[in-house]
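Trainee: Please take a close look at the aromatic rings in this model. I would like one connected account of how they pair and what surrounds them.

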Amino acid sequence: MQKYEKKNFYFLTLGQFVSLIGDKISLAVFISIAVAIIGTTESTYNSSFLIATLYAPLFLFGYLFGLLADKKKKKELMILSDILRATLILSLLFFNDSLLYLYCCVFLIGVLTSMFEPCKKSIMPFLVPKEKIIFYNKIYASLEIIALLVGFLFGTYLIEAFSLSVALIFDASTYLFSALLLVFIKYTQETITKKKKEKPTTLKELKEGIHYIKNSIELKVILIGIVFFHFFASAFFVSSSTDFSIRISQSIGMSPGSSFSFLLFFIATGALVSPVIKKLSQSIRESTLTKYIYLFGSITLFLFVFSLKNFENNYYTALFFHFIIGIFAGLQYIRYIYLIQTNTQKRYLGRVVSVSDLIFALGAILGLGLGAIINETLTYNSGFLITGVIYFIAYLYMVFSTRKYKLNF
């Protein structure tokens, strides 16, 4: 492992850095295509449900792909997923006038992403020594945040300065670049059937993974307290930001896709600052830090709603508060993967990560769906307020869990 440690990490990180830039360009492009097809900026439903369509396959197929990641070569699955996603993105060059085809394409990309993610998130312990997992994950997560920032900014620039076609071609090329670099990664994978005379059935292996999670208090609290609540609140917040962007875009002279991407750019900028905050808080236990993040995130959102109702220049106010929320989101983002990796046996990693993705997808779908309905009927002020309430409920859950289980993570 040590022989290829740095090379593996460089190839994985560089490829995913570029690919993530493409992911964020896709988000802006998909919304812009949907708005162009519908021909109006009055509805938030399609934009939010389009994002939900991208996440739905993680909920539907993620656990099966997690088992597949435990049994097969992660690298090969990732390469296949990248190539097929690039193909689907390029197909939108020729079929970008059909809302049905757009939804089908986004759904299939979501299916391939649900195969890719368990492999990507569980491959790190096979590439680097155990004592360096947290160190490398922090670097990896920080670079991912930079990729988010660059992707949102560059996506806005491509759409405004060039065309959707240019954005689609660039996006497809990022997946192909990722696939090329993955070819050069070398590692030895332990499979869940190693040293067993009889090969267990797929159903037995699936049940085994669920049983393992049920018996781990730390994993259950991480999956519910960090993964579900964080992504549920984040999705609700994104839905509210989408509604805010659509309603305010004409008054600021920007397209809905561009104004939305610019808000997400400020979230990514805040998230980029979060590793510095994490370094300053190293003496704080991880479960305790989670409580603080939720409490201060809740207070921030309540102040945000108050400012939107009482001050002018709402868009500039929103940019500032999106930056602050980005700090809290980034603190959770850089932590949850390495917390799962360091609290899970290698042979179960793919399945545990896929359950994490399933819970993430469930939270995201619920957040986007409920957020779309509430924002459409009650506007973004109510959406941001409810996001603050969700953060506070998450804070109460972590207080209860840490006291009941005396968590050590």
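Mentor: The aromatic pairs come to 20, where rings of Phe, Tyr and Trp (its six-membered ring) pair if their centres lie within 6.5 Å, and planes under 30 degrees apart count as stacked, over 60 as edge-to-face and the rest as tilted. Y315 and Y316 are edge-to-face because their ring centres are 6.4 Å apart and their planes stand at 75°. This is a predicted model, in which local features need pLDDT of at least 70 and side-chain atom pairs count only at pLDDT 80 or more, while totals for chains, interfaces and linings use all residues. Side-chain values use heavy atoms, with hydrogens and water left out, and residues are numbered from 1 along each chain as its sequence is written.

Buried means under 20% relative accessible area, exposed over 50%, and partly exposed in between, with a 1.4 Å probe and protein chains only. Y315 is buried at 5%, whereas Y316 is exposed at 61%. Both tyrosines belong to one aromatic cluster, together with F237, F244, F304, F320, F321, Y380 and F384.

K121 lies over the face of F360, 5.9 Å from the ring centre. The charged end of K346 is over F126, at 5.1 Å from the centre of that ring.

Definitions and conventions:
A charge sits over a ring if NZ of Lys or CZ of Arg is within 6 Å of the ring centre and within 35 degrees of the ring normal.
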